[in-house]
Amino acid sequence: MSPMAAAAFLSCGAFGCPAAATPPCPVSRRRAFSSVVAMASAAQVRAPSRKPFAPPREVHRPVAHSLPPQKREIFESLDSWAADNILVLLKPVERSWQPQDYLPDAASESFADEVRELRERAREIPDDYFVCFVGDMVTEEALPTYQTMLNTLDGGVRDETGASPTSWAVWTRAWAAEENRHGDLMNKYLFLTGRVDMRQIEKTIQYLIASGMDPKTETNPYMGFVYTSFQERATFISHGNTARHARRYGDTKLAQICGTIAADEKRHESAYERIVGKLFEVDPDYTVRAFADTMRKKVAMPAHLMYDGQDDALFARFSAVAQRLGSTRPGTTPTSSSSWSAAGASRNSRGCPRKAAARRSSSASWGHGSGGWRRGARQGQGPGVRAIQLDSRPPGPALMIKDDE
């Protein structure tokens, strides 16, 4: 399969086609929030006992080191090619953007005013958007897992010493350094909005990093680079769509944040596509078999083991909300019934995105023991806070927000 054919598959297969834009329809805030769930009084659902730091569900028995010994020399021979064709896609640190470029300056006298303006803009953004934004941020913050995954690959690809001078090792470290800015920027932005419970989000990040990931790449660099090509494309689409939605909601600053991250992901996708294209050129038979094997096992996204301490199906709920909103990063390849679609949000009879519906018994608990990224809800602080169960099939994560009415 040629790189162009693979790219066409990526563009149309897993992500669907962009939905036709529909005019925004007025949604009554009071009506949308009428399905209030009294989470504090709801019966607690105890998570099943598990070993500390274990994934939220059992992962398949991994196969490792499937790369034939004679294939190792291929990547070693491509080291100079990687220096000329892959490392050139990295940006020098002094020319790179940094999270502070897009955030209020805490050393400035206008800091309080800038934060106030940021919060006013964030107040106009629907809750389901923040569900997707938080899910994307949690995924980005689990970067240590992804660098670890690349450093498990055989064939001379891994960073053997932690500071190896090979082109493959340099790429992995520099790629991780660029990616590190994404979660950093999104995390700080969310903190400043005051819309979410940062402690619960931080717990979810810790759980995810401790759980690891199960890409099913068998420490095989052929499969590993096919996988990363899909993953970077999915991330590019996801951040691009959140940028588009932010602009639609009138927050150009947030749109700029998401668009800047999306541009990085597109550049990283180009690097991995170049690697896979080169492998198709120098070793087509084994590469196409690795590609087919990866597709057969389905491309599970890095955060598929997302867990908040209570909900084992958290990633499925997050992906359902993302699918409805249209800011999706695919859960799997198209062969899976749980695949995400970028075709847009599910809509009601008036063509408007469904905003909220109560379903207490199955709400995802991303809050302080009761559901949602709950802001201001510690130890029964109920006044001024309401729980919104975002409609999805299955239900998406519940989100606790301040009641500004």
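Colleague: In which loop does histidine 65 lie?

Modeller: This is a predicted model, in which local features need pLDDT of at least 70 and side-chain atom pairs count only at pLDDT 80 or more, while totals for chains, interfaces and linings use all residues. Residues are numbered from 1 along each chain as its sequence is written, and side-chain values use heavy atoms, with hydrogens and water left out.

Histidine 65 lies in the loop between α2 (29–32) and α3 (72–77); helices here are DSSP runs of H or I with at least four residues, numbered from the N terminus. Although not a glycine, histidine 65 has a positive phi of about 60°. Most residues other than glycine have a negative phi. Histidine 65 counts as exposed because its relative accessibility is 54%, where exposed means over 50% relative accessible area, buried under 20% and partly exposed in between, with a 1.4 Å probe and protein chains only.

Threonine 219 also has a positive phi, near 55°, and is found in the loop between α9 (198–211) and α10 (221–248). At 14% relative accessibility, threonine 219 counts as buried.

Serine 229 lies in helix α10 and is buried, with a relative accessible area of 5%. A polar atom of the serine 229 side chain lies 3.3 Å from the backbone oxygen of tyrosine 272.

Key: Helix = DSSP H or I, 4+ residues; strand = E, 2+ residues; numbered from the N terminus. Polar contact = N/O pair within 3.5 Å; in protein donor to acceptor, adjacent residues only side chain to side chain.
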